[in-house]
Amino acid sequence: MTAGRMIRAWVLLLAGLCLPGGVEAQKHKDVENIGRRDINKGSWNLYSLEKEIEIGRQLAAQVEASSHLLRDSRVDGYVNDLVQNLVRHSDARVPFTVKVIDSDDFNAFALPGGFLYVHTGLILEAQTEAELAGVLAHEIAHVTARHATKQASKATLFQWLSLPLIFVGGPVGYGIQQAVGLAVPLSFLKFQRGAEREADFLGLQYAYHAGYDPVALVDFLERLKDKDKEGRLAKLFSTHPMTKDRIRRAQKGIAEALPSREEYVVSTSQFERVRGYLLRLQQASQIYEPQAVPGPQLRRRTQELDE
Ligand SMILES: [Zn+2]
């Protein structure tokens with residue numbers, strides 16, 4: 001094989017591995033089989049589920065060492081019940097651990113293996129339980145679809161494949177090696193566009209299956225998008241801007257895959273109570289303890305965990 005042909009072969013192979021997963025989102029339309037279907041069937045993953053949980057546990061320890069957990073039984077209990085109910089209506093194969101982080105960020109993120117974190121700012125920003133459930137279901141979907149370890153598997157493969165490129169050299173080899181250097185540390189937290197679409201699609205199904213109005217997530221996305229226009233950064237989506245395309249796709253997903261129902265849960269009295277309680281906590285801390293707000297150093301670490 002000539003050097004030129006060899007480069008082309010590698011580039012084609014790598015390009016194939018990078019294909020956006022828009023196609024994936026078209027799979028798993030069988031909402032009625034949620035929980036019984038294997039959404040990861042046939043997909044390539046170097047990590048066993050046990051290894052994935054172990055990685056998640058290690059990352060969770062890092063997160064908790066650098067975050068301020070709320071540790072309030074009323075809020076923790078409510079959020080845990082909400083998440084576990086969504087998990088029961090999902091394709092989850094791992095148990096979920098849920099913790100609330102005391103922070104103004106509009107954020108929630110899930111680590112591989114089922115370690116889910118919700119920021120108080122997100123609970124306060126949601127106007128209904130269905131909106132909050134929509135975001136949490138999206139995070140649960142990242143875990144059920146094993147996006148972190150699938151992406152890490154690809155990154156590892158890139159490393160293996162990039163070895164022969166040392167002999168090819170030139171700008172192609174260098175460019176790919178640069179990309180690998182970036183992909184590895186981010187692979188557990190930032191997802192490719194295809195993975196985001198799949199998490200939107202599956203998350204909408206889980207929220208719907210648990211009885212929530214799936215349109216609520218779309219409403220929430222649109223509202224946050226308007227806030228972005230006003231210059232307020234919605235951290236939840238800072239890694240992937242809320243484009244019209246994403247909202248349109250979510251709407252299409254609902255229309256195509258989810259048969260309409262007579263009634264949906266929009267909000268609950270528990271949500272209203274917990275949100276009101278958090279609001280009072282926040283106001284009290286602003287009045288009496290202005291210094292109690294977590295320092296910028298702690299926040300900077302959590303801001304990286306945008307998914
Ligand atoms: Zn996501």
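**Close-up views of the predicted model**

**View 1. Contacts of leucine 70.** Not counting residues up to four places away in sequence, leucine 70 touches Val75, Val100, Ile101, Asp102 and Thr120. The structure shown here and in the other views is a predicted model. Leucine 70 belongs to the loop that runs between α2 (49-65) and α3 (73-88). Because 21 C-beta neighbours fall inside 10 Å, and 20 or more are required, leucine 70 counts as buried. A distance of 8.6 Å separates the C-alpha atom of leucine 70 from that of serine 103, although the two residues are 33 residues apart along the chain.

**View 2. The largest nonpolar core.** This core comprises 57 residues, and those with the most contacts inside it are Leu86, Val118 and Leu136. Helix α5 (residues 129-144) contributes the most to the core, giving nine residues. In soluble globular proteins, nonpolar side chains tend to be buried together. With its neighbours within four places in sequence left aside, leucine 136 is in contact with Leu82, Val83, Leu86, Ala108 and Val118.

**View 3. Packing of α5 and α9.** The axes of α5 and helix α9 (residues 193-209) lie 7 Å apart, and the two helices pack at an angle of about 120°. The arrangement is therefore oblique. On the α5 side, the contact is made by Ala133, Gly134, Ala137, His138, Ile140, Ala141, His142 and Thr144. On the α9 side, Ala199, Asp200, Leu202, Gly203, Tyr206 and Ala207 take part. Of the residues in this contact between α5 and α9, eight are nonpolar, five are polar and one is charged. The crossing of α5 and α9 is right-handed.

How values were computed
Residues are numbered from 1 along each chain as its sequence is written. This is a predicted model: local features need pLDDT of at least 70, side-chain atom pairs count only at pLDDT 80 or more; totals for chains, interfaces and linings use all residues. A nonpolar core is a set of buried Ala, Val, Leu, Ile, Met, Phe, Trp, Tyr and Cys residues joined through C-beta atoms within 7 Å. A residue is buried if 20 or more other C-beta atoms lie within 10 Å of its own, exposed if 12 or fewer, and partly exposed in between; C-beta atoms are placed from the backbone. Helices (H or I, at least four residues) and strands (E, at least two) are DSSP runs, numbered from the N terminus. Two residues are in contact if their C-beta atoms, placed from the backbone, lie within 7 Å. Axes are lines fitted to C-alpha atoms, for helices over the stretch in contact, and angles run from 0 to 180 degrees between N-to-C directions. Angles under 35 degrees count as roughly parallel, over 145 as roughly antiparallel, 65 to 115 as roughly perpendicular and the rest as oblique. A crossing is left-handed if the near helix is turned anticlockwise from the far one by less than a right angle, and right-handed if clockwise. Ala, Val, Leu, Ile, Met, Phe, Trp, Tyr, Cys and Pro count as nonpolar, Asp, Glu, Lys and Arg as charged, and the others, Gly among them, as polar.
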